[in-house]
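Me: Hey, can you walk me through this one? I'd like to start with the charged pairs.

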Amino acid sequence: MLLYRRPDMMAIKPPFLGVAYYPEDWDRSERNKDIEKMLSIGINVARIGEFAWRKMEPRDGEFDFSWLHEVVDQLKSAGIGVVMGTPTATPPVWLTKKYPDMLVEYKNGRRMQHSGRRHACSNHPEYRKYSARIVEKLAMEFGNEEAVIGWQIDNEIYLHNNEGCFCKNCAERYHRHLQETFGTVEEMNKRLNLQLFSQAYDSFEEVPLPRDTWENPHLKQEYLISQGQAHIDFVAMQAKILKTYTNAPVGTDQMPLNGMNYRKLHEPLDLVQFNHYNHPGNLWECCLWFDYLRTLKERPFWNTETATCFSGSTGTSGSIKPDGFCYANSWLPLVLGGEAVMYWLWRTHWAGHELVHGSVLDSSGRPMYSTQEVKAVARDFQKCADFINGTKVCTDVALHISSRCYTMFETQPVVGDFQYEPNLKKAFYKPMIDCGLRPDVIDEEADLTPYKVVFSPLMITLDQGDLRERIVQWVENGGIWITGPMTDIRTKDGTRFTDRLHGMLESVTPAVFQYWFPDKEKRIKSQWNDGEEFGGNTYYELFEPNPSADMVKVTKGHQAVIGGAVLQCFPVGKGWVYLLGTIPDEKDMNKLIVTVCEKANIPCHMTEGKSLIVSPRRGGKTSGVILADVGGKGGVYRNKTTYRELISGETVEKDITVGPYGVKVLEAIEN
Ligand SMILES: [Zn+2]
């Protein structure tokens, strides 16, 4: 006897607690048992279909969706919503055998084989044609199916090996991209200074793919951009087909940025879908992505994949996690502006590549150690659903992120093997959240007007559309802009300026650039105006001393640089510009953040222990704050408001203590 609820798909509303489910693993009776267990745990969504191309189209042009209808009907009769995945990440062997040159070509000339995933090239015309056909067939079958609450295009589309594909089709695409970017080959030769090394070309077709020589960084950058664009076009092609047949929201599940222009990728999509497998050592890092994802689309994002306990393939490098980790991890997307969390996966595969990946149920059908926490998540999501659905994260601070800057640092790291993303997270984002701020992480195209303060570190080029003009206008209207280090030091092509270090800083402020240099040994010693020591590392750009603007100056290191300014602050219009010339040590970044927030009259919701994150929420007449512990140490939130804590139902005021991996959902009580 099944415990199924009555089918009423209208009753499925966010927050969604979902699972990836592979019905191709299980027969009908096992699926019935699985669905009963999903209901008893509180799962209300299943993601299915990804990777099942061969089962949907066993032979060229012969389609079979009967099995998938049966599964959808089973889920539907239980009132479980379906996220349908297009299967294009796994073209079947009959297809790759027919077009062997469809397989991705590595830089050494070898091709990928059939066996894994994403082995076909997004630029290959036949792969695109066959992908379009299977997507259309699937959409015709399920486009009007009320149980399908959303669509997922493909799965985790990235540049292969972070390098891309080197096949003939990709070469053609690259040359087309160069033509679109530079217009004429003469213009390319001129803009990229290709007379150097006798690199100038007579036609775009002569430009080689960046395989294994001493690559020109500017040309390699364009190659990576063209590779990202191929995937963006491939996703857009599928989105266009799906939208002909369905009104359900369409997305593609990914992990940013990987060199792809994330905003452009999402232009034809309805919502952002995001996968992560962070663990206790780096759980805070995925908060940066959530803070970014909510700025991209009106509709709250979906966390389409995360692990209940550990990741793994045929072996796991993971380990049992502390009590409550699964609980806090499951809450994070909702805390930071999403409306769904879905586990990968429901039930561990009993055969295949991922034999030991953590799940809700083991392949035996029995619970994993974290399943009780999943149950608690389901229960507590329901208690807080109205507050979550009725409020949004609110903030007036932003941190810039840029896919072009990511790609540029990949091709020219400036200092050693400097990496954009880890440094942005660790040196700038982490101190912001440690100060209790909730920044929106915004890209170069985002509107600046909602913010009082914008941090733009490591934005190696600002030469992106009208970004420079918009920043200046926003500052003149009262914005506070913290720029540097390594910001605005390249053109959009990745070349340097010939009469200055920065594109616009000297024309916007009275600052005068002095020297730039690497400092791996921390030879440079500096001091704040109040006499406290200031620590910087890795890279410096110094400005000539200016008594009215200096905040930090060099005291030791090399006689040429003593007295040079590491941090200056200038009034510009009604606003302020802070020029930061190095990567500050943690305590100094904290001090700068507090100084800037005081100036902007933004409260820093300091918490003890640097373990909690703070997410202020507002919507209609409701306001509140959600606290979540991501560091496993718990902490205390200094508070003056009276709240109702929606999970426990208690009224709280004054300081609020959150335990290790605890979550508190606090709705303000009007006095
Ligand atoms: Zn290719």
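Me: How many salt bridges does the count come to?
Reply: The count comes to 46 salt bridges. Keep in mind that this is a predicted model.

Me: Ok, pick one. Which side chain does Arg47 meet in a salt bridge?
Reply: Arg47 meets Glu50, with 3.2 Å from N to O. Arg47 also has a salt bridge with Asp253, where the closest N and O atoms are 3.4 Å apart.

Me: What about Glu163, which residue does it form a salt bridge with?
Reply: Glu163 pairs with Lys107, and their closest N and O atoms are 3.5 Å apart. Glu163 is in the loop between β4 and α6, and Lys107 is in the loop between α4 and α5, so the pair ties together parts 56 residues apart in sequence. Glu163 is partly exposed at 26% relative accessible area, and Lys107 is partly exposed at 28%.

Me: New topic, the metal. Which residues coordinate the zinc ion?
Reply: Cys121, Cys165, Cys167 and Cys170 do, each through its SG atom, at 2.2 to 2.3 Å. Along the sequence their spacing is C-x43-C-x1-C-x2-C.

Me: And why is the arrangement tetrahedral?
Reply: The four donor atoms subtend angles of 97 to 119° around the zinc ion, which makes it tetrahedral. The rule needs all angles between 85 and 135 degrees. For reference, the ideal angle for four tetrahedral donors is 109.5 degrees.

Me: Are Cys165 and Cys167 buried or exposed?
Reply: Cys165 is buried, with a relative accessible area of 2%, and Cys167 is buried with 2% as well.

Me: Now a helix. What span should α17 have, and what is it in the model?
Reply: Helix α17 has 15 residues, 586–600, and should span 21 Å at 1.5 Å a residue; its end C-alpha atoms are 21 Å apart, which agrees. Its buried residues include Leu592, Ile593 and Val596. Just after α17, Asn601 takes a positive phi of about 60°.

Me: Last one: which residues form the nonpolar patch on the surface?
Reply: Leu196, Phe197 and Trp214, with about 450 Å² of accessible area together. Trp214 is in the loop between α7 and α8, and Trp214 is exposed, at 73% relative accessible area.

Technical notes
Residues numbered from 1 in each chain as written. Predicted model: local features only at pLDDT ≥ 70, side-chain atom pairs only at ≥ 80, totals over all residues. Heavy atoms only, no water. Donors = N, O, S within 2.8 Å, 3.2 Å for Na, K, Ca; no water. Tetrahedral: all angles 85-135°; square planar, octahedral: opposite > 155°, others 65-115°. Buried < 20%, exposed > 50% of the residue type's maximum accessible area, 1.4 Å probe, protein only. Helix = DSSP H or I, 4+ residues; strand = E, 2+ residues; numbered from the N terminus. Expected span 1.5 Å × (residues − 1). Patch = residues over 30% accessible without salt bridge, like charges linked within 9 Å, V, L, I, M, F, W, Y side chains within 5 Å. Areas by Shrake-Rupley, 256 points an atom, 1.4 Å probe, with all protein chains shown as cover. Salt bridge = Lys/Arg side-chain N within 4 Å of Asp/Glu carboxyl O.
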